[in-house]
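Okay, thanks for having me, everyone.

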Amino acid sequence: MKLTYTLKTATNGLQTHKSRSALTILGIVIGITSIILVMSLGQGAQNLILGQVKGLGATTVIVLPGKISFGPSTAASTMNDSLKEKDLNLIKAKANVPNSKYIMPMVVGSGKAVYGSNVYQVAVFGSGELVPQIFSISPDRGYFFSDDDVRSRSAVVVIGYKVKQRLFENEDAVGQKIRIKNTTFKVIGVLPEKGSSSSFDDAVFMPYTTTQQYITGTKFYSRIVVVADTEANLKSTVNDITNTLRDSHNITDPEKDDFSVTTSADIAKTLGTVTSALTAFLAAVAAISLIVGGVGIMNIMLVSVTERTKEIGLRKALGATDKDIQTQFLLEAVILTALGGIIGIILGSALAYVVSLLISKFAGLDWQYVFPISAAILGLVVSSLVGLVFGIYPARQAAKKSPMEALRYE
Amino acid sequence: MSLIEVKNLGKVYENEGVKTEALKGATFHIKKGEFVAIMGQSGSGKSTLLQILGLLDDYTSGTYHFADKNIKDYNPEEIAKLRNEKMGFVFQAFNLLPRSSVLENVKLPLLYSSRPESEWENRAKAAVIAVGLEHRMYHEATQLSGGEKQRVAIARALVNSPEVIFADEPTGNLDSKSGQAVIEIIQKLNREMGHTIILITHETYTAEYAERIIRLHDGEIESDTQVKERRIDGKDFIK
C-alpha cells in the first residue's frame, strides 16, 4: 500500500475519534510546552547574564581575594584580607606583569546615602580614576575623579543614575553634598543610565582610598581589576598575576591559593555552564511528562486496536499485509504525538513570550525573548519518537491479529 | 481446469488443551466459473472450510492447491496479495467501514493492490453500478439499508476482478426480499461475468441458485451434487 494512502487512512482513523485523539495528546502537549518554556526562559536568562559579564570587556582580568572566583562575593571579599597594597604594587611592577594596560584596585561597601530628607541604600564602589576607561562609562554631567583625588582621599562621589533620581529628583546633583555613613561627600559627576542589567545605576563611585578610610575602615581590597594590553596577552597576564601573588603570599601549592584570578570569559563560561545545567535539569523534569504522555498514547492505541479488531480483520481479508496494518497504526500514533509536539511548541513559545514581556516589564530587567529553535526541532523529533516508541507495541498487536479471528470478534 | 483443489483437508482447533476436529478430510475440486453452494448445519465445518479456502485461516492436514499451486508454497505477503487480487469476500455482517462513503468502501481493496491509482475511481464506480447502487455512491455506509449494505460489500468483492468470490451467509442478516435481490446479483456475477462463486448458506432455497451443492455434516462431506432444478431470477428453472 502506498504511504500516502496509509497516511490518509491513519488521519481518517484519528478524525473519527476527535475528542479522544485530543485528550490523548494532552500529555505530549504539556510536556513539549514545558520544555519549550524552560528552554526559552533558560536561554533568555543566560543571554542576560552573559550580556552583563561581557560588559567587562574581553581583556579584563579580575583578581579576587579568597578562593571563590565569582558570584555574590561582596560579603566574602570584604571579609577576606588577602589582597593588600603590597600585592597591588607588585602587580603594577612591569617586571612582574609586563602586559598590563590598566591596573585598578576596588573596595566595595554599602551604606545609606542621604540628601535632605531623601534616603537611598547604595552600593559604594571605591575605585581608581580609571573607571571610565575600564568600564566604558563616563559621567554625562560633571566629571570623574582623578588620581589626585585618589592620592588625597578626597571626599568626592560620582553617583549612578538611580541614585541621582532618588536623592535629587529633578534637581541638579553636581556640586551638592550627600552623606554616607556620617561623612559628607561632594557630588562631582552623575553617570548615565546603564539599564536594569547593571549594578552601576544603584551605586556611587569614590576613590578607593576614601572608601577604605570612611566606609569600610579596612586596609585591603575587594578586588583588583587588570586590563591586558591585547587579547592575545590575556592568558599570560593571568599567569603573571597568579605567579606574582603566589610569590608574594609564599604559596607553593596551587590548591592553597588565597586569591583567584579570573577573566570575563571564565566568568561567562562558568555562568553559562550553571544556567545550562539548570535549564537541562528543568527540561529533564519536563521530559518526564513526555514519558507519561507516551504511555497514555500506548494505552489509547491498545484500546483503539481492540476496538477496531473487526476493521483490522476486514482490511486483512481484503489484502492488507501485516506491514500495512502495522504502518497504519504506527502512523496514527506518530501523527498524534507529532501534532502534540507542534501544538506544544506553539503554546510553549507563546507562553515564553508572555513571560518574557512580564519579566522585562515588572522585574525591570533587560530581558529578551528567545525562540529556542534547537529546542523546537528537538521537541518535534522527540515527540515523534515518543509516538514511534510507544506506538510500535499496539501496532504490532494489531498486525498480529489473524484475519479470521479478527472478523469474528464481537 | 481446477481453480481450487483440496485433498483430505483437515482442521483441528485446540483450545486450552481441548482438541476439536472442525474438518475431517475434505476432498473436492472446484472449476473456474463454477457456482458452488456449501451447506450444512451450524457446527458442520462449513465456515471453517470457507475460511481455509479464502486463506483467512490455516488448515492442519491435507493439501490445498489454488490455481495449481500449493498454498504452503506461498509466503504471508504473497497470501495477502492472493487475497487481494484473486479473491473477493462477502460476509454475513457486511463489514463496511461505517464512516466512509459507498465509493470509498468499494475502493478499499484497491488501496492494497498494485493497480495504478488512475484506475481506482473508474473501477470502483463500475462496481457500484454493477450492483445497482449508483444513486447511493456518496452516501455513508451507515445510511444504507441492510440489502444495500450487502450490495456494497458485493461491489467491494468485485472491484479487483477476482477469480473467486467467497460469500459467507450473505443473506443471513437480510429479510427475504432484499436477500433474494442479493443472491440474484451474486448469481448474475457468475452467469454474466463468469466469476467463480463459493457460497455458504443453510437455506436450501438460497443454495438452489448455485449449480452444485456440497453438504457438510460434522466436518465431513456428506454429499456433493449438481442442482437439478436451479433457481434463476426467482423463477424455477430446469437445467
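Before we start on the inside, one term: by a nonpolar core I mean a set of buried Ala, Val, Leu, Ile, Met, Phe, Trp, Tyr and Cys residues joined through C-beta atoms within 7 Å. And keep in mind that this is a predicted model.

So, which residues have the most contacts inside the largest nonpolar core? They are B:Ile38, B:Ala155 and B:Ile198, and that core has 117 residues. Take B:Ala155: if we skip its neighbours within four places in sequence, its contacts are B:Val106, B:Ala127, B:Val128, B:Ala130, B:Val131 and B:Leu133. There's another core lying apart from that one, with 57 residues, including A:Met104, A:Val124, A:Val150 and A:Ile178.

Now the sheet in chain B. Four strands make an open sheet, in the order S2-S1-S4-S5, and the pairing is antiparallel.

Last stop, where the chains meet. On chain A, 16 residues are in contact with 19 residues of chain B. Helices H11 (309–317), H12 (322–362) and H14 (403–408) of chain A each give two or more residues to that side, and H11(A) has the largest share, 4 residues. By type, chain A's side splits into 9 nonpolar, 3 polar and 4 charged.

That's my tour, over to you.

Conventions. Residues are numbered from 1 along each chain as its sequence is written. Chains are lettered from A and ligands numbered from 1 in the order in which they are written. This is a predicted model: local features need pLDDT of at least 70, side-chain atom pairs count only at pLDDT 80 or more; totals for chains, interfaces and linings use all residues. Two residues are in contact if their C-beta atoms, placed from the backbone, lie within 7 Å. Ala, Val, Leu, Ile, Met, Phe, Trp, Tyr, Cys and Pro count as nonpolar, Asp, Glu, Lys and Arg as charged, and the others, Gly among them, as polar. Two strands pair if DSSP finds at least two bridges between them. A residue is buried if 20 or more other C-beta atoms lie within 10 Å of its own, exposed if 12 or fewer, and partly exposed in between; C-beta atoms are placed from the backbone.
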